[in-house]
Amino acid sequence: MKTLQFREAIAEAMSEEMRRDESIYLMGEEVAEYNGAYKASKGMLEEFGAKRVIDTPISEMGFSGIGIGSAMNGNRPIIEFMTFNFSLVAIDQIINNAAKMRQMSGGQFNIPIVFRGPTASAGQLAATHSQAFESWYANCPGLKVVVPSNPADAKGLLKSAIRDDDPVIFMESEQMYGDKDEVPEGEYLIPLGVADIKRKGKDVTIVSFGKIIKEAYKAAETLAEEGIECEIIDLRTIRPLDYEAIFESVKKTNRLVILEEAWPFGNVATEITYQVQNEVFDYLDAPIVKINTADTPAPYSPALLEEWLPNSEDVVKAVKKVLYRD
């Protein structure tokens with residue numbers, strides 16, 4: 001094992017794949033000369049040159065469309081958005097071309113493309129730069145959606161995403177790029193669509209993903225002091241979603257709390273809630289509780305932002321609620 005920052009794991013995954021396959025290239029704003037807005041492509045221009053690490057104008061729709069067209073012609077592009085908030089400018093290309101081209105062409109065109117960059121809130125960036133679009137993109141057939149929460153998962157999942165023959169939305173977090181953790185030495189892949197049990201427990205299942213899962217870990221430590229054992233599942237991939245891992249955990253714990261950094265209406269937690277009550281309802285000993293942001297645009301004020309975001313105290317309260325200890 002070796003210790004890497006999240007940003008270094010991302011750069012290492014892309015570099016290893018680009019060494020392996022000359023059809024892979026990276027394109028986006030500031031990915032080359034500046035080493036990436038968050039230094040997630042540091043050193044790649046020097047190694048691979050300007051034909052494979054390409055700086056673009058501020059034109060998300062344009063360079064996303066170029067990437068899709070090149071994928072139709074045998075390349076495997078990685079398109080970086082400085083933030084997924086900016087992907088809204090390119091969403092027509094992503095939804096109406098990348099996601100649908102394989103079906104609309106009767107299977108004549110695969111679109112092996114990865115769209116990657118930061119998602120959700122990152123401190124005081126206000127309403128238009130603090131949005132979580134995981135459920136938006138996961139709602140669209142033809143797209144795969146990946147949201148890693150640590151450097152090791154980020155590297156293994158990104159390598160699998162790059163090798164996938166379908167378009168993948170790969171969402172990171174600005175607040176995780178500096179996170180350090182152990183990463184396996186050598187070649188390894190993590191398959192898409194497989195969740196990971198990060199902490200085993202018998203009393204309640206907590207499902208989460210991305211950077212907000214850290215609040216679940218904090219809550220689990222607090223609850224352990226009271227003798228409550230939480231099982232924490234990191235989804236890692238939102239589409240395809242590993243329902244079976246959730247079902248099996250709920251069969252054991254009989255209680256479910258879902259923590260997600262997203263607005264309350266029609267999100268990933270909503271879908272999980274439906275699937276669990278549909279498939280393993282008889283195992284539930286309490287109603288499912290889902291924890292989300294407040295149902296408003298993200299505030300700029302630090303005091304309001306703290307109230308807007310879910311935290312470990314919210315998780316503790318939810319766990320005690322499903323255990324009838326509130």
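Tutor: A nonpolar core is a set of buried Ala, Val, Leu, Ile, Met, Phe, Trp, Tyr and Cys residues joined through side-chain atoms within 4.5 Å. Buried means under 20% relative accessible area, with a 1.4 Å probe and protein chains only. This is a predicted model, where local features need pLDDT of at least 70, side-chain atom pairs count only at pLDDT 80 or more, and totals for chains, interfaces and linings use all residues. Side-chain values use heavy atoms, without hydrogens and water, and residues are numbered from 1 along each chain as its sequence is written.

Student: Which residues touch the most other members of the largest nonpolar core?

Tutor: Phe115, Tyr137, Ile272 and Val276 do, in a core of 46 residues. Another core, apart from it, has 33 residues, including Ile78 and Phe170.

Student: What does Tyr137 touch?

Tutor: Contact means heavy atoms within 4.5 Å. Leaving out residues up to four places away in sequence, Tyr137 touches Phe84, Ser87, Ile91, Ile94, Ile95, Leu143, Val145, Ile169 and Met171.

Student: And how is a pocket read?

Tutor: On a 1 Å grid over the protein atoms alone, a pocket is an open set of points where a 1.4 Å probe fits, with protein on both sides within 12 Å along at least five of seven lines; lining residues have an atom within 4 Å of a point. Volume is the space filled by probe spheres set on the points, which are joined across faces, edges and corners. The largest pocket has about 250 Å³, and its lining includes Ser135, Arg239 and Glu271.

Terms used:
Buried means under 20% relative accessible area, exposed over 50%, partly exposed in between (1.4 Å probe, protein chains only).
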